[in-house]
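Subject: Handover of a structure and notes on it

Dear colleague,

Please find the structure below.

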Amino acid sequence: MKNVSEVTSFHLSVYYGMEDLKPMYFCMFLMIYITTVAENVALISVVYREKSLHEPMYLLLCNLAVNGLFGSTSVLPAVLRNLLSHSYEISLPVCQTQIYAIHTYAITEFTILAVMSYDRYVAICYPLYYHVLMSQRVVKLIVFTWLYPMLAFLIVLIFTVQLWFCERTIENVYCINYLLVKLACTDTTIVNIVGLLSVALYVIPQLIMIFYSYAHILRICVFTLGNSKVKALRTCTPHLLAVIIYTIGCFIEIAQTRLNISHLSYQTKLFLSIYFLIFPPILNPAIYGLSIQLIRAKLFRLFRRKSRQVTNNVAKRAVVAAH
């Protein structure tokens, strides 16, 4: 096993298909990253500045935006760096760090969405007690949404870091645990069992929470008057869209790593590999910003204020230059 232990770096093979169009891919990923950062930072800034938005629902939304920044930053800067270089190697420690960041992002995203469904459940089913209940619980829930994924995936990663590797090609633009484990020379039976059990641990409790919450919300809507029903469903629409987008991303990620997709075109494989880490962070702020009237109004006010400041600064500089 001496020679096996010497494999300490890997080739990210998907980058070789970008060779002919590197400038185009670099500009595309750069614009995606800038847009993602701008959207999420704008949403966080609005919630932070406006006291009227200091409510449990918007604090949870802020955490969703922070996690979106975390997820996109765990991959896109590395993608941009690799596109500027001629080597598509990644060292084992960096690969393992990226694995931890990506999987933690994934579990945190689903956990936050589950807690947000609970928030909507309390708001619609127990409106008179909503502020009392959620004000007492929101800090604990936010701490849980971050602490639970970080500790839960650490258990899986401990098994992965003990493996020795004899293959060096990862067929993706970033490292994920399943593809790294496939390159191991040592027996991976225990790692695979732990991985399967962990998937159940990361997914089933959140699914139960989401289905339980919306089952009760639908029951309430059936027995309420028309206007109240529409208002209740309207508050749930952005969250349902976020859950659907993320669920599609999870399905694509699982399918493209475990099924044979060699017959697909390079562009299709690239899209499948990046959907999971690009579309939820870039679409969630847009969905919530456009769907929730209060946030939309605050965002427009913030942009108008910034535009006015920029215009005034330009005018002042013009006057100074004229004198």
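A crossing of two helices is called left-handed if the near helix is turned anticlockwise from the far one by less than a right angle, and right-handed if it is turned clockwise. Helices (H or I, at least four residues) and strands (E, at least two) are DSSP runs, numbered from the N terminus.

Please note that this is a predicted model, in which local features need pLDDT of at least 70 and side-chain atom pairs count only at pLDDT 80 or more, while totals for chains, interfaces and linings use all residues. Residues are numbered from 1 along each chain as its sequence is written, and side-chain values use heavy atoms, with hydrogens and water left out.

Helix packing

The crossing of α4 and α7 is left-handed. These two helices pack at an angle of about 25°, with their axes 9 Å apart. Axes are lines fitted to C-alpha atoms, for helices over the stretch in contact, and angles run from 0 to 180 degrees between N-to-C directions. Angles under 35 degrees count as roughly parallel, over 145 as roughly antiparallel, 65 to 115 as roughly perpendicular and the rest as oblique. Helices α4 and α7 are therefore roughly parallel to each other. The contact of α4 with α7 divides into 17 nonpolar, 5 polar and 1 charged residues. Here Ala, Val, Leu, Ile, Met, Phe, Trp, Tyr, Cys and Pro count as nonpolar, Asp, Glu, Lys and Arg as charged, and the others, Gly among them, as polar.

Helix α4 also meets α5: their axes come within 9 Å and cross at roughly 155°. That makes α4 roughly antiparallel to α5. The crossing of α4 and α5 is right-handed, and their contact has 20 nonpolar, 6 polar and 3 charged residues.

A residue in α4

T111 lies in helix α4, which covers residues 92-125. Is T111 buried or exposed? With a relative accessible area of 3%, T111 is buried (under 20% relative accessible area; exposed means over 50% and partly exposed in between, with a 1.4 Å probe and protein chains only). Leaving aside residues up to four places away in sequence, T111 touches F144, T145, Y148, P149 and Q206.

Disulfides

A disulfide is a covalent bond between the sulfur atoms of two cysteines. Under the rule used here (a pair of cysteine sulfur atoms within 2.5 Å), the count comes to 2 disulfides.

C95 lies in helix α4 and C175 in the loop between β3 (169-170) and α6 (177-182), so the pair ties together parts that are 80 residues apart in sequence. This link is left-handed, with -120° about the S-S bond. C95 is buried at 0% relative accessibility, and C175 is buried at 0% as well.

Another disulfide joins C166 to C185, with an S to S distance of 2.0 Å. C166 lies in the loop between α5 (130-160) and β3, and C185 in the loop between α6 and α7 (189-222), so the pair ties together parts that are 19 residues apart in sequence. C166 is partly exposed at 41%, and C185 is partly exposed at 30%. With the bonded cysteines numbered in sequence order, the pairing is 1-3, 2-4.

A colleague

Methods. Contact means heavy atoms within 4.5 Å.
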